[in-house]
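This short report is meant for a reader meeting the structure for the first time.

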Amino acid sequence: MGEFNTIARPSAHGNLLENKTLFPDPPARGPLAPYRKQANIDWRKLKLSFHDETSVKLQHRVWEFASKHPLFAHPNQMLSMDEERHLATKRMYVVQNEKMFTISDYLERPDLAAVYHQAWIAFEPSMAVKYSLGFGMFPSVIRTLDVGRLEEIVERNGTGEYLGAFGLTEIAHGTNAKGMRTTATYDPAAGEYVLNTPDFEAAKCWIGNLGKTCTHVIVYAQLYTADGKHHGLNAFVVPVRDPATLKAYPGVTVGDLGAKAGLQGVDNGFVMFRQYRIPRDNLLARTGDVNEQGEFVSPFKDPAKRFGASLGALSGGRVGICGIANVYLTKAITIALRYSASRKQFGPDDSEEEWPVLEYQSQQFRLFPHLANNTVIRVFNLWFAKAYGDMQLKMLGGENIGATGMEVHALSSAAKPVCTWAARDGVQECREACGGHGYLKLSTIGDLRGNNDPNCTYEGENNVLIQQASNWLLSVRAKGYEKFAEVSPLGSAQFLAQYATLSKRKANWKGPSDAGSIANQLEALDWLVAYLLEESYQKMSMLKQQGKSSFEARNDVQSFFARTLSIAYGERMLLYVFGKFLSNLETGPERQALERLGSLYGAGTILRHIGVFYQGGYFSAQPNAMALLQQAVLELLPAIKQDAIAIVDAIAPPDFIINSPLGMSDGDVYRHMESAIMQAPEALERPKWWRDVVHRDYVQSKL
């Protein structure tokens, strides 16, 4: 498995900890001050457990730039959809022109791309999504799949003359890419491809930047040669608008999908082609090409492998989404915990003093598991972004990524649902934990919820996407468990090669401390994945013996079996990576605080699957396992509470980026709420339609 080469030991940073620009002192007074004083940890050291000096400085540069540029000031009123899109577009071009993170930076430190992107996501996701699609994913896919013919398009994209987009999904087909119906037929006489959309159901859709702003789209279309032969789905770079006028070219119908539940600043669009011609060179030909004689040629003999290689960029998208979702959860848990430490309700019967709601076990129990999820997912994303970046550099260098590519595909197919569902559930719990104030628009938690929602759908709808992970595991299992030693260089499935030993494992916990041990929890999750894999495999084999096809058997084995297998596989890998991360840290209070969060994550994961553990006999010698886990959780809560606000200080972006009266670093919730409410447009004005209230009898007589 890849090591945490970018994670440095906090004590090695010396004078960096005293840099007040990067590590400003938190407010010394206010409702949060007592919690900061009681903390055992140094929030600066904890932050440097996650980030090295370079990534901290990159984060700071992004947020400092946004806080000082007038175009990036937060509007004090709600914007129309068109105004949001206009603002997001203007900001996007400012960021592009600033060149804070370039391709040369990526080639030197590919893992920093995630840090840079997530820093912008934390500020304003619509702009960040537009930027990453138009100036990140678009040129990246071309560089990966081009054979040296389209460098001019990449260069003009770099200058901002061209804005890109990525078009796979069609109105009637999403996750089933092979069912796409847009066609590209090669005309050897003209040396051109003719793109055609048979009907609206085949319109390319949900394409970010396409609605109003992009000039070029990477379109996946079914390739046909002049002899009528079909050569599968291939990627083409298609100009759709004149960059000088933004008018659609003849033969192209391009439009906007309209308002959405979130990310209103992203102009998602649709496009249809009517016998639209593009040059032969516009095929991204790394995985297959049509020569000048009109013959299809490919270095891949297996069409399935060629198809998989052409869609390889989607793994990068899923890796990125894991990080994006966790940014939303970071902001939500920051707001909820700071608010909980500031908000006072009730208290002991013999005292007039009210307690902060963070003191109540019920509030800790509902929020700390999401803080634990956020921390474990944060570490996993650091590792996964680096592992994927290293793999992509090998691809660009012409290396065969083989087993690594397959494992990244499977792992991202499991991790993306696990991470985005964790954010979905966590953001919702944070909203509710802030009571009525959390429902106010000014809390911004509602926006986080709406912006995360599409993460559960795009780059593969979670419930469909997650089947890719179980399909991979089952395909390897069919060849024998020993094969897992060969196909898992990243370490997500190597342990399954020891199935004979794993399958006999039983819990042997003596007390709550054993139940809370990350090592013991990993042993339990190893068993869980192995058990679910074998159960799924045997169930599928039985269905085939009954005469069902492979497709029918896979379909019928999902509920209770393969779906749970994929989720457990993803959850187990998150804790496995976190354990490796902890082993790289020096002993001290910061590591202890992280261990407690990892333990809470592991306990929560086992409790979610407790029925399967008992069903499979893992707790046959441990009938009180659930009670031990519950006690372990209850003992972790007060220990985590002591450091909770300091942990938040380590993960939270600056107040300007948080942009929520409920989550500011000084904890002065009501002063910030008063300011926001009083300064809202027309907050103290009567409505323009006041006469309809005062003279309602007259109004009703006219109806």
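## The second largest pocket

In this predicted model, the second largest pocket has a volume of about 1500 Å³, a volume being the space filled by probe spheres set on grid points that are joined across faces, edges and corners. A pocket here is an open set of points, on a 1 Å grid over the protein atoms alone, where a 1.4 Å probe fits and with protein on both sides within 12 Å along at least five of seven lines; lining residues have an atom within 4 Å of a point.

The lining of this pocket counts 44 residues, and Pro75, Lys441, Thr444, Asp447 and Asn659 are those nearest its centre. By class, 23 of the lining residues are nonpolar, 15 polar and six charged, where Ala, Val, Leu, Ile, Met, Phe, Trp, Tyr, Cys and Pro count as nonpolar, Asp, Glu, Lys and Arg as charged, and the others, Gly among them, as polar.

## Helices around the pocket

Helices (DSSP runs of H or I, at least four residues) and strands (E, at least two) are numbered from the N terminus. At least two lining residues come from each of α4 (81-98), α7 (125-145), α10 (313-342), α13 (445-452), α25 (655-658) and α26 (669-679), and α26 gives the most, with five residues.

## An open sheet

Three strands form an open, antiparallel sheet in the order β4-β8-β7, pairing being counted if DSSP finds at least two bridges between two strands. Because β4 (204-207) and β7 (252-256) stand at the edges with a single partner strand each, one side of each is left without a neighbour in the sheet.

Five bridges join β7 to the antiparallel strand β8 (residues 269-273), and aspartate 256 has glycine 269 in β8 as its bridge partner.

## Basis of the model

Residues are numbered from 1 along each chain as its sequence is written, and side-chain values use heavy atoms, with hydrogens and water left out. Because the model is predicted, local features need pLDDT of at least 70 and side-chain atom pairs count only at pLDDT 80 or more, while totals for chains, interfaces and linings use all residues.
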